[in-house]
Amino acid sequence: MRHIISVLIENESGALARVAGLFAARGYNIESLTVAPIEDPTLSRMTLVTHGDENVIEQIVKQLNKLIDVVKLLDLSEGSHIERELMMVKVKAEKGMREELKRLADIFRANIIDVTSTSYTTELTGTSAKLDAFLEAVPEEVIIEVVRSGPLGISRGPKGLGL
Amino acid sequence: MELSGAEIVVQALIDEGVEYIWGYPGGAVLHIYDALFQQKKMRHILVRHEQAATHAADGYARATGKPGVALVTSGPGATNAVTGIATAYMDSIPMVVLTGQVPTPFIGSDAFQEVDITGITRPCVKHNFLIKRVEDIAETLAKAFYIATTGRPGPVLVDIPKDVTDPGVRIPYDYPKKISMRSYRPVEKGHPKQIRKAVDLMVKAQRPVIYSGGGVIQGNASDELRKLVKETGFPITQTLMGLGAVPASDPNNLGMLGMHGTYEANMAMHESDLIIAIGARFDDRVTGKLAQFCPHAKVIHIDVDPASISKNVKVDVPIVGQVKPVLKVLSERKTKPDAEALKAWWQRIEAWRSVECLRYPHSDKVIKPQFAIETLHKVTRRRDFYLTSDVGQHQMFAAQFYPFEKPRRWINSGGLGTMGFGMPAAMGVQQAFPKATVACVTGEASIQMCIQELATCSQYNLPIKIVLLNNGYMGMVRQWQELFYEGRYSHSYVDALPDFARLAETYGHVGMTIEDPADLEEAYKEAFGMKDRLVFMNVLVDPEENVYPMIEAGKGHHEMHMSPYLNSERELA
Ligand SMILES: Cc1ncc(C[n+]2csc(CCOP(=O)(O)OP(=O)(O)O)c2C)c(N)n1
Ligand SMILES: [Mg+2]
């Protein structure tokens, strides 16, 4: 099963390497990992997407918790939560295609954030599935470059993951 | 008080109560060595290889329960220490290792003797730190000791760049009295509800077995465990790391379990309907094939490390907590087990016991390694005695044939299985207990991995006794080759051996060579009589003896191979 795990971790050098190293050393699958400091600059928040059966996920959660730098952790998949991922796509936009690509961007509520005489760069936020759908819809031969952030997640409701 | 970084390092160790530090100097730690030179409270022991510094600190920690401390230089000094760090990590031994590092402006430039030691050791330490400012030294060291010694203990490495210890920079010093970390809060007591559930299972059990490990020893919970065994009347089997928590002579003790465990211990595990695992981690050398592990049993697991629970074997009742308080509560519950069932269970166990699976053929021509250990016990049993070991057949023979009556008396590398551990570990133990008798049982292959430490023993007058069971082979390797590779002894013959007795003599020690079984006891008596001398006993043993019983890797507990000697006897009958 796919799990999305949020981790509050001390903003120390090497903290990211500890998490990445743990996944490598124990052979856990890691699909995406995003990390940045939060409003308290001594902490970073990490969002991890991984796959595994129940036992593997239980071990991943325990092993992450065991890392000395990890302050708090939440498996978002255990409750209802919201996920968003950001994607930027650079496409060839030559004469015949410009209108069509603009329409497609509108349908997906993507913004065109950079324009040249031969290209568009679009920006799109949503669930990973929505981003996948956009990529499906864009003709493959016009795609120049794709960059995705990996999903971020937050739980629904008034409660937050804090200290 | 204003101190330099180097002085802070030394003063922090003193304030932490450190008595001994094992180390080896080099460029990056020269400021620290200079500060060491100018104090009298802490003793530095100069080893001859950094691996030995970590093993000695580790041996000290295992015998005393206090954290062991090692100090090494950057680059090769640090990498030489890695084996010892990994050894301590696998057996959860509290240790603090200080490594020198190149000055901070040089980090990342491939400077002379630079290695990324925090990167290299990340997977084999409980935690590590790279100190970047002199202001951080005291607090970081306090954290290092706190982390190393609490929760599930383990080694912590602190990497200290040379400029941070600059004698020219002095700052006010204050050692933190108490450490609290928002990201690290080790558990204490177990959950009462879980304990209640465990008691329920224990009351109902028909065929219970207590399976205890190194956690009971590291957690100083031997008294509580003895009480629990007494209170319940349950049989107990102890892992290689757990020997001595409950005395070998306790009637409820079934001996060691696992790959070279006793028939009764492994059969009891296999037939059990309730396993009470205490401070043990279901290592593959203990469980054998997981799919066949204790097929009929429910499992209670008491451990301080939540990640140990349900890692290899699914646990029915986990109790996360320090083993000591949990066992205390458990034994106070006065669990009254099903007496009838227990009686019937013990009858079955006695039948397995009556096989006497450890019997071996005696010989008056050649010293059997088992006999060498039994005789060692005979000669040392009344002493305040510690036995360290290297890795191989001799280690298994010692575990099987030396009955340990107390915790912390049997000191060996179980998790990593590090050849070269035994002698330096014995140095650490002897340093901690100068009056005790400390012996190291070893093999002719293992001893050569840290043989240079004979010099350290000379310099510091460490009168350890080395019992080398010399079979001329990497016996454990040869045994596997005999059994699983049709006797193709690929590179397991230990050729070009030195004359060990004379080698020991050149280091200023006493050397002995013992060949005749009839001489063994007297020779031991003579050797152990030399209180102030290191005696190196080169005991020539049967070259082709094997360790039995044995469970092949990947087989179940009920699929034990017994010694051919027992099998032939059975055929005769
Ligand atoms: C550092 C290291 N290298 C290799 C091994 C693999 N190994 C395990 S036991 C053994 C043989 C040990 O031989 P010896 O010390 O003579 O002991 P014996 O088995 O003969 O009693 C070897 C090579 C190991 N455990 N540690
Ligand atoms: Mg040998």
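In chain A, 73% of the contacts with a separation of 6 or more are between residues 24 or more positions apart. Keep in mind that this is a predicted model.

Now the fold of chain A. There are four helices and nine strands. If you walk along the sequence, the order is β-α-β-β-α-β-β-α-β-β-α-β-β. The C-alpha trace of chain A spans about 55 × 35 × 30 Å along its principal axes. Chain A has 163 residues, and 40% of them count as buried.

Next, the surface. The accessible surface of chain A is about 8,900 Å². Carbon and sulfur atoms account for 54% of that area. On charge, chain A carries 19 positive side chains and 24 negative ones. The centres of those two sets are 3 Å apart.

On to the interface. How many residues of chain A are in contact with chain B? There are 21 on the chain A side, and they meet 19 residues of chain B. Interface size is often quoted as the accessible area lost when the parts come together. For chain A and chain B, the buried area is about 1,600 Å², with 46% of it on carbon and sulfur atoms.

Last, the salt bridges. Between chain A and chain B the count is four. There is a salt bridge between the side chains of A:K66 and B:D305, at 2.8 Å from N to O.

Note on methods. Residues are numbered from 1 along each chain as its sequence is written. Chains are lettered from A and ligands numbered from 1 in the order in which they are written. This is a predicted model: local features need pLDDT of at least 70, side-chain atom pairs count only at pLDDT 80 or more; totals for chains, interfaces and linings use all residues. Side-chain values use heavy atoms; hydrogens and water are left out. Helices (H or I, at least four residues) and strands (E, at least two) are DSSP runs, numbered from the N terminus. Buried means under 20% relative accessible area, exposed over 50%, partly exposed in between (1.4 Å probe, protein chains only). Contact means heavy atoms within 4.5 Å. Accessible areas come from the Shrake-Rupley method with a 1.4 Å probe; for residues, only the protein chains shown count as cover. Lys and Arg count as positive and Asp and Glu as negative; His and the chain ends are not counted. The place of a charge is taken as NZ of Lys, CZ of Arg, CG of Asp or CD of Glu. Buried area is the accessible area (1.4 Å probe) that two parts lose on being put together, summed over both.
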